[in-house]
Amino acid sequence: MEDPYQVIHDTTFRLLKKSATELPKEIKEALEAANERETNETAKTQLSAILTNMEIAETGVPMCQDTGIMIFYVKVGDKFPFIGEIKNALTEATRKATAEVPLRPNAVNPIVGGNSGDNTGVKIPWINWEIVEGDSLEIVAFPKGGGSENVCIVGMLKPGVGLTGVKKLVVDNAMSYMGKACAPNIIGVGIGGGSDIAIKIAKQQLMRPLSDKHPEPEVAKIEEEIMEAINATGIGPMGLGGSTTVLGVKVDYAMRHPASLPVGIAVQCWAARQSKAVISKDLKVTYVTHPMEGN
Amino acid sequence: MVEYHLTTPISEDDARKLKIGDIIYVTGEHVYTARDEAHERALEMYEKGEKTPVDFEGSVVYHVGPLAWQKDGKWKVVSAGPTTSVRMELFEDEFLRKYKARILVGKGGMGQKTLAALKEVGAVYTSYTGGCGALAAKGLKEVTAYLWQDLGMPEALWVITAEEFGPLLVTMDSHGNSMHDDMDKKVAARKAEVYSKIGAKE
């Protein structure tokens, strides 16, 4: 049998490389469709630069120099036999990817300063753990760029403002950062729970497929309304004008405290990088977002 | 809209000819990267009467933290799209007055302090499509020096020779015009329509 550590490590390395160099197919298609649809000349120039950039990147070059801070979402089956190997494998794969893809060293010590040089350090890579039923391991590499991260917010609203207040917060935020988050964006919104829960739910929405609608029609309607409102602003690609400001808006919620209406807003740039794989208990690897050629 | 192909160093006259909406392609040895920390250091050196290792006058200052690597002992830019320029709003006006860079490259636009300094000094701010690092790297042909390495790869001062680096869209010029301000006004004018879609009021 193969060495479980090595399999997790090598899989993670491929996830990191693919996420930096190739967008998931549906995001690429959404950008192509936006380029077809736009009539604004500047917007077309921006989108066609983005599409050309993606072609160059697919030869193995990171699409954006900001290859993000290293975040993983890991779902571990309660019967997956190699749980103890995961953390080290992810960290070492991050080091290898930094040197060999390469990725930009983006781990800076906020207290004493200094860049670690290899994208690892205190609490980084950050791993979001979830224990699920089953015997396999799902890893999502989710490197997050700084420009779009800088406009993520948490609002602690008064419950009296209701869902209109929630939608207004998302729209006002978009009208304040304009193109600074490298529009067209994808926006995740988390409602309820608490301050930490709301932003966590918001971030998780960024992993939903663009075509996905929330199963509850009331929530799906909020997604649609916010998306339509933000695209009516005319902010456009890179904030230079146009009708494509967001490619998707994804909302989810948790129950809230009677006194609180927390809203988390997570913003993703057009370079919405992520890559997912599943490793079975007998160490068979299935790449989900970036399948191996010939499969 | 006019398309210009400029070679560094760029004169004040050339910079003053540029207007918002123009497109520039830059060639030459005087392309310098500078983000928050490089701006800060350059200004500190000026205060202390020290000379910076490069002469910024007539140069292109690119707001970017490049991703680069060393191949056969030589540094090469792999991916280098713009960073968000407004962070440099804290320093840019003083930097322009003291060092007279002529073309700034970044994304997202800058504020009123920078706009006033562009007018005073004779310089422009240009926007390059954010996230297009692989495309930008094609125009950044050669790294001739990697200075201030203690700041780390993103924040260091990279000296680059460019070849037809662009298209750079002039979005703030030396005549007091800003496409970013124009966009703010356009979006503000649509606010009522935007709010009507979510049932919100001012």
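Predicted model: local features only at pLDDT ≥ 70, side-chain atom pairs only at ≥ 80, totals over all residues.
K123(A) counts as exposed, because 8 C-beta neighbours lie inside 10 Å; a residue is exposed if 12 or fewer other C-beta atoms lie within 10 Å of its own, buried if 20 or more do, and partly exposed in between, with C-beta atoms placed from the backbone. Residues are numbered from 1 along each chain as its sequence is written, and chains are lettered from A and ligands numbered from 1 in the order in which they are written.

Although K123(A) is not a glycine, its phi is positive, about 65°. K123(A) is found in the loop between α4 and β2 of chain A; helices (H or I, at least four residues) and strands (E, at least two) are DSSP runs, numbered from the N terminus. A positive phi, of about 50°, also belongs to M178(A), again not a glycine. M178(A) lies in the loop between α6 and β5 of chain A and is buried, with 22 other C-beta atoms within 10 Å. The loop between α6 and β5 (185-191) of chain A also holds P184(A), and the peptide bond from A183(A) to P184(A) is cis, with omega near 5°. In chain B, a cis peptide bond joins G166(B) to P167(B), with omega near 0°, and P167(B) is placed in strand β9.

Helix α4 (residues 86-100) of chain A has 15 residues, and its end C-alpha atoms are 21 Å apart, in agreement with the 21 Å it should span at 1.5 Å a residue; the expected span is 1.5 Å times one less than the number of residues. Buried residues of α4(A) are I86(A), A89(A), L90(A), T91(A), A93(A), T94(A), A97(A) and T98(A). These pack against α1 (4-21), β1 (71-77), β2 (126-132) and β3 (137-141) of chain A, contact being defined by C-beta atoms, placed from the backbone, that lie within 7 Å.

α6(A) and α8(A) pack at an angle of about 35°, with their axes 10 Å apart; axes are lines fitted to C-alpha atoms, for helices over the stretch in contact, and angles run from 0 to 180 degrees between N-to-C directions. The crossing of α6(A) past α8(A) is right-handed, that is, the near helix is turned clockwise from the far one by less than a right angle, anticlockwise being left-handed. L163(A), K167(A), V170(A), V171(A) and A174(A) of α6(A) make this contact with I222(A), E225(A), I226(A), A229(A) and I230(A) of α8(A). By class, the contact has 8 nonpolar, no polar and 2 charged residues; Ala, Val, Leu, Ile, Met, Phe, Trp, Tyr, Cys and Pro count as nonpolar, Asp, Glu, Lys and Arg as charged, and the others, Gly among them, as polar.

Between the chains, 42 residues of chain A are in contact with 36 residues of chain B. On the side of chain A that touches chain B, at least two residues each come from α3 (41-57), α6 (162-177) and α8 (217-231) of chain A. α3(A) gives the largest share, 7 residues. This side of chain A has 23 nonpolar, 13 polar and 6 charged residues.

In chain B, helix α2 (residues 36-47) has 12 residues and reaches 17 Å from its first C-alpha to its last, close to the 16 Å expected at 1.5 Å a residue. A38(B), H39(B) and A42(B) of α2(B) are buried. They cover an arc of only 105° around the axis, so they are on the same side of α2(B); the arc is that of the directions from the helix axis to the C-beta atoms. E44(B) and E47(B), on the other side of α2(B), are exposed. Cover for the buried residues of α2(B) includes α3 (92-99) and β9 (157-172) of chain B. G49(B), which follows α2(B), has a positive phi near 75°.

Note on methods
Contact = placed C-beta atoms within 7 Å.
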